[in-house]
Amino acid sequence: MNQPATLTDAYLDLAGSVTRTPDQVKRSRNLGIAYFVLAVVTLFVFARGDGGTSTFGLGGDSTFGVPSIPLAWICAVSFAALGGVQISRGTGRWQSALIAAAALLFVFTLMAWAAAGKQFSLTGTLHDALKASTPLVFGALGGIMCERSGIINIAIEGLLLAGAFTSAVVGSVVNIWVGILAAMVVSGLLALMLAWLAIRFHVDQVIVGFAINFFVLGVTSFIDSRVLTRNPEYNGTGTISQWKVPGLHRLPIVGPILFEQTFYVYVALGLVAFIAWALFKTKWGLQTRAVGEHPTAAGTLGIDVLRRRYINVTLAGAISGFGGSWWTADVGRFNENITNGRGFIALAVVLVGRHHPVGALMAALVFGFADALALKFSFLNTGIPSEFLELAPFLVTLVVVASVGRGARVPAALGQPYEEQ
Amino acid sequence: MELELRGITKRFPGVVANDDVNLTIRSGEVLALVGENGAGKSTLMNILYGLYHADEGQIYVDGEPVTFESPGDAIAAGIGMVHQHFMLVPVFTVAENVVLGVEPTGPLGRLDRAKAHDQVEEISAQYGLHLDPEALIEQLPVGIQQRVEILKVLFRDAKIVVFDEPTAVLTPQEIEEFFKIVESLKASGRGIVFITHKLTEALRIADRISVLRRGQTVGEADPAEIDEVALAEMMVGRPVQLVVDKEPAQPRDATLQVRDLHVVDPTGRTLVDHVDFTVHAGEIVGVAGVQGNGQTELVEALTGLREILGGSVQVDGVDLTDSSPREVHQAAVAHIPEDRQRSGLVGAFTVAENMVLTRYHDDQFSDGIRMDWDTARSTATTLVEQYDVRTPSIATPAGTLSGGNQQKVIVARELSRDLRLVIASQPTRGVDVGSIEYIHAQVVLARDAGAAVLVVSTELDEVMALADRVLVMYRGRIVADLARDETTHNEVGLYMAGAKQQEPA
Amino acid sequence: MTDTATAPAPGDATPDDASGGLVRRLLARIDTTNAVVLPLLAFISALVIGTVVIALSDIDKLKEGDIGGILTTIKDAYLALPKGAFDGWRPLNETIVATTPLLLAGLAVAITFKAGLFNIGGTGQMLMGGMGAVWVGFTMNGPGILQVPLGILAGMVCGMLWGIVPGLLKARAGVHEVISTIMMNFIAASLVLYILKTDAFVREGRNDPISKLVTPEGRLPRLFGYLDRPELRAHIGFLIAIAAALFFWWLLERTTIGFEIRAQGANSSAARYAGMRPGLLIMTSFVIAGGFAGLAGASEVLGTQGRATQGFAGDIGFDAIAVALLGRSSPSGTALAALLFGALQAGGQKMQVDTGVPVDLVLILRALIVLFIAAPLLMKAIWRIKAEGAIAGPSFGGWGS
Ligand SMILES: Nc1ncnc2c1ncn2[C@@H]1O[C@H](COP(=O)(O)OP(=O)(O)O)[C@@H](O)[C@H]1O
Ligand SMILES: [Mg+2]
């Protein structure tokens with residue numbers, strides 16, 4: 001389909017006058033139904049009760065108020081309208097933009113409902129969202145590096161956990177910085193093992209990843225209960241505190257969100273930019289992608305496919321290990337299974353972000369936001385049972401992955417063993 | 001430069017792909033390496049290219065022994081290869097594919113795209129390849145993709161160039177153009193290895209012909225002194241019938257009627273463009289066309305494997321437009337799929353299980369819930385015998401059989417019942433000559449038993465040998481409907497290339 | 001490379017009486033290698049690495065350089081394993097108790113392996129099954145002949161309902177089951193916690209998440225109840241598990257659906273070509289898997305524990321993956337593997353009590369066994385076995401939809 005040349009074309013597009021395949025029509029209908037469901041939910045949950053003005057804080061003393069019930073009505077009506085258009089004609093090339101807008105509106109209404117008659121620090125929540133998404137970003141970057149070179153990485157959880165454990169133990173014995181370095185080494189080695197088993201012994205990559213996850217869980221739990229609980233001197237590093245970026249943290253709104261974080265956030269953002277650049281603008285990136293898409297083609301041009309894979313997977317492990325140390329820096333110690341499934345969410349982040357660092361950052365922010373929001377809600381006394389708040393990030397993951405679904409293209413040679421004779 | 005392969009042996013599990021093979025390649029000449037499918041031609045060349053490692057034997061460059069650990073070494077020694085299955089990254093551009101591995105870079109390993117673009121454009125112009133460096137490979141037709149492969153080889157300045165079955169994907173006219181490129185490469189002093197199993201082509205272009213049979217060199221031939229029949233006998237090891245033996249067709253009523261068939265991909269791109277045709281009982285209609293012009297999708301649409309956007313499909317008056325593969329099967333339609341390993345067989349299943357793969361739900365083999373394995377096994381035993389499937393037993397996993405025998409399992413399963421329509425896609429791709437003859441005979445038998453037959457093949461020779469009527473597909477449309485006896489390879493080739501079109505009657 | 005994958009040269013396959021016997025014998029040998037020797041070696045390799053872990057984690061003795069002490073610990077630990085599992089009526093009962101849910105959940109994984117899917121969601125399916133079963137268990141009050149089957153049925157149905165979700169998501173939206181089942185586990189865990197705190201479930205006078213007690217009539221009868229020894233806990237859940245394994249065999253080998261599931265698992269596009277419906281088969285496999293796992297949950301709450309708690313499913317859903325892999329997804333193999341893991345579990349408890357080595361060791365062994373089973377080539381390299389034929393571990397391809 002071509003770009004619409006004029007506004008009229010764009011409108012016709014919106015009105016669904018282009019041929020739509022049956023598949024597209026079906027999708028469009030499902031999406032429309034989803035809008036209607038949201039409209040009903042909004043109406044029956046958010047537009048009821050006492051309501052009141054929700055006061056959103058923007059850092060410092062600046063605030064703004066929103067009446068929660070009228071907002072819910074606006075939201076419900078827009079969803080219903082959107083659903084109608086979506087079912088009857090489809091929304092053409094505006095579809096994605098409209099989904100994003102609708103999602104934002106829904107979340108905003110949700111927040112307004114939760115905070116009706118109360119204070120809600122918007123900047124605080126966004127700050128926490130960014131913070132919560134940091135380990136996901138590291139996990140996902142590890143996943144991307146690995147999968148772009150053709151090796152499936154479902155071991156992110158295990159690599160993060162190993163990083164958390166190592167940094168806590170080594171960090172307690174020496175100091176946290178050496179601990180972080182050790183975490184990178186250990187997770188790098190674990191990832192190298194993954195690569196070695198997958199490449200050299202053709203072990204199914206989903207199974208190796210699975211086994212590594214549970215091996216790490218087993219070993220860390222075993223040592224935790226056998227050694228750490230009885231020798232607390234091996235488990236206690238102290239936390240790493242935030243570093244306010246001079247000058248920048250005074251900026252309104254973005255200051256408190258972006259520039260009052262620990263160095264992990266800054267490293268994460270830098271690494272996203274760097275890996276995005278490296279993947280698409282350098283020789284290394286071209287070869288890495290070639291190896292993941294069509295290893296035999298790369299091999300016939302004299303590229304050492306296996307070496308490239310070993311190196312990339314090991315680096316990926318090191319990045320995940322660094323991400324794992326985030327927990328130690330945040331909590332100051334190791335607890336059994338401290339990563340609690342975040343590595344699996346990072347796995348979803350890789351897919352939803354379409355194996356692109358920037359896409360992954362966006363996806364991680366969404367999940368981090370779900371995390372932060374759940375935490376926030378538990379303080380706001382919304383009446384939502386805490387168990388539901390706990391499961392929210394996982395449910396969000398499921399819903400987001402389902403709606404991206406088949407759209408996600410993966411490197412063509414992902415998971416297939418490459419053989420040299 | 002002179003390259004010599006001496007005493008090369010290569011074993012794969014269960015197969016000796018090359019058995020003490022000797023071969024010499026010289027600059028400035030074209031060596032044709034012929035042999036039927038599975039003879040070991042690709043394996044030999046992959047060894048020369050450093051992709052495989054020989055179990056025994058030695059390679060010499062200008063008399064010096066050399067070892068190629070990897071393709072990198074072979075490239076450095078001046079060897080280039082255009083593989084049978086193209087080695088192109090589909091999501092990369094032409095330029096990216098060409099410079100891969102020898103990228104021009106700036107500081108920090110940054111890709112110098114501008115330089116890559118210019119270099120690629122320059123060589124493309126120099127050899128008249130007419131390639132756009134920024135085009136995405138996945139959007140290029142196979143004929144153009146082949147030129148990208150050639151460009152890759154030239155970019156690395158190869159002195160010896162190996163072409164592995166390069167003509168399989170081309171139209172007759174494109175083959176002529178390809179031969180011109182080969183001539184110009186030869187004129188520039190390069191040595192060429194041209195792999196093929198099409199003997200006319202070998203006779204036409206080669207300076208020397210080397211014949212490989214079951215992994216062994218059976219001899220050399222001088223194209224000036226040998227004819228096709230003798231060469232074919234050398235290649236197969238026995239006299240070969242070069243034409244399919246069949247009576248003139250006796251078409252009866254229309255069986256398959258396709259009207260205004262329209263198929264699109266999930267993004268809405270048209271794959272089969274409002275196609276109309278009819279196949280009568282008792283005739284074989286061949287569909288010719290370069291790979292990727294909608295034939296695959298046409299067959300999928302006819303057999304219920306792909307959603308139809310518009311138009312209708314009828315078999316003997318029964319509407320099958322929106323039917324499932326199961327319903328198509330039950331309407332007495334047989335389907336021999338184009339890729340036996342991908343979809344025709346379950347490699348891990350036994351021959352017996354594969355013999356009932358599409359028929360297990362028939363009353364004969366099950367009551368709807370339970371399988372009747374005794375009947376299935378006895379049927380399989382009968383079919384193995386009847387269709388000459390060479391297998392140790394019916395309990396052998398089908399994946400371990402040779403390509404020809406795998407294909408015979410499918411043919412036996414699909415053709416051994418009363419049929420109205422047979423749809424055969426690439427029925428002999430990658431099988432040995434004996435199996436080809438056998439399968440062609442079975443297809444003719446099905447016709448003579450009164451079924452309508454639709455044969456889809458990208459091998460023009462196969463279509464011309466089997467068909468009573470020839471349809472040509474180009475860009476999703478049927479651009480020609482020709483009686484076999486009134487057309488020629490050349491004419492069909494022009495239609496295949498889109499250079500000619502019939503006015504709709 | 002499609003035309004070169006496995007095909008031997010034409011003519012090679014000519015039946016040949018002299019070599020026929022040899023070929024058959026060779027095939028038979030490869031099969032024992034695959035089905036018996038490799039799993040055994042995987043198990044032994046895991047134990048060896050387990051030894052290293054025990055030794056390295058014995059900080060106190062390591063500091064003192066007490067090598068002899070470490071060796072004693074290892075010896076005692078590994079001796080405690082078989083003792084705790086088989087030495088006497090009581091250990092045997094404990095082994096049966098541990099084996100029962102492992103076998104059922106193992107079948108839940110095995111059926112999806114057969115369909116080429118990876119069900120990591122056994123835990124969630126078990127949890128939901130247990131909730132359904134326990135509800136019938138404490139709300140009804142007999143007669144047992146009615147209540148017990150109803151409770152089991154409720155467990156199975158709840159497991160199926162939970163199991164259908166990843167099936168639907170995969171078939172309809174292309175969501176990889178590894179992601180969906182993991183998410184479903186987390187969701188189930190939170191949901192169970194919530195349900196257990198609701199008035200309908202929470203035990204009178206308690207505010208921690210623990211359900212009401214299953215009525216005596218609702219409990220699964222004990223196998224050795226007639227002996228009147230309450231410490232012999234094994235219950236008829238074990239018989240249900242064995243029946244389930246038999247059903248599994250019948251389904252896969254004797255029915256059309258089984259044939260379809262196997263075809264789908266071995267070559268999905270061939271299954272589609274053959275007129276089977278992959279989406280439906282994916283869902284069917286997951287529903288059956290959910291049913292097996294739901295039974296496991298029911299057997300736990302109605303048989304072993306008599307109530308539901310937050311963690312009643314423990315790690316069984318994950319152990320089940322090791323069980324199914326070790327048993328190569330065959331019913332008999334899965335049963336034997338479940339027995340082995342059940343024995344490990346029962347013995348592990350004794351090991352912890354006797355020697356202070358945490359049961360978490362079993363967790364490590366489990367992961368290692370999975371790894372080694374999936375890596376036949378690695379096992380061969382380590383143990384220097386030369387077996388003909390390329391044998392591959394189980395495989396799930398990639399992320400593609
Ligand atoms: N990678 C491989 N693994 C196992 N067998 C192979 C492999 N490549 C080729 N073969 C086998 O070796 C023989 C020769 O194949 P090939 O060289 O592709 O023949 P040709 O190119 O002449 O058609 C065939 O029997 C084929 O099945
Ligand atoms: Mg070949």
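**Note on the interfaces of chain C**

1. Chain C and chain A share six residue pairs in polar contact, both residues being at pLDDT 80 or more. A polar contact is a pair of N or O atoms within 3.5 Å; within protein, one must be able to donate a hydrogen and the other to accept it, and residues adjacent in sequence count only if both atoms are side-chain atoms. Seven helices of chain C give two or more residues each to the side that touches chain A: helix 1 (17–57), helix 2 (59–64), helix 6 (144–173), helix 7 (177–197), helix 12 (316–326), helix 14 (360–374) and helix 15 (376–383). Helix 7 of chain C gives the most, with 13 residues. Helices here are DSSP runs (H or I, at least four residues), numbered from the N terminus.

2. This is a predicted model; local features need pLDDT of at least 70, side-chain atom pairs count only at pLDDT 80 or more, and totals for chains, interfaces and linings use all residues. Residues are numbered from 1 along each chain as its sequence is written, and side-chain values use heavy atoms, with hydrogens and water left out.

3. The contact (heavy atoms within 4.5 Å) takes 58 residues from chain C and 49 from chain A. About 4700 Å² is buried between these chains, 77% of it from carbon and sulfur atoms. Buried area is the accessible area (1.4 Å probe) that two parts lose on being put together, summed over both.

4. Two salt bridges cross the interface of chain C and chain A. A salt bridge is a side-chain nitrogen of Lys or Arg within 4 Å of a carboxyl oxygen of Asp or Glu. One of them joins C:Lys197 to A:Glu387, with the closest N and O atoms 2.7 Å apart.

5. Now chain B and chain C. Here 43 residues of chain B touch 30 residues of chain C. The two chains bury about 3300 Å², 58% of it on carbon and sulfur atoms. One salt bridge is counted between them: C:Arg262 pairs with B:Glu353, the closest N and O atoms being 2.9 Å apart.

6. Polar contacts between chain B and chain C come to 15 residue pairs (both at pLDDT 80 or more). On the side of chain B that touches chain C, helix 10 (325–330), helix 11 (340–344) and helix 14 (403–415) of chain B give two or more residues.

7. Chain B has domain 1 (2–236), domain 2 (241–332 + 419–505) and domain 3 (345–417). Domain bounds come from an automatic or database domain assignment. The C-alpha centres of domain 1 and domain 3 of chain B lie 39 Å apart.

Conventions:
Chains lettered and ligands numbered in written order.
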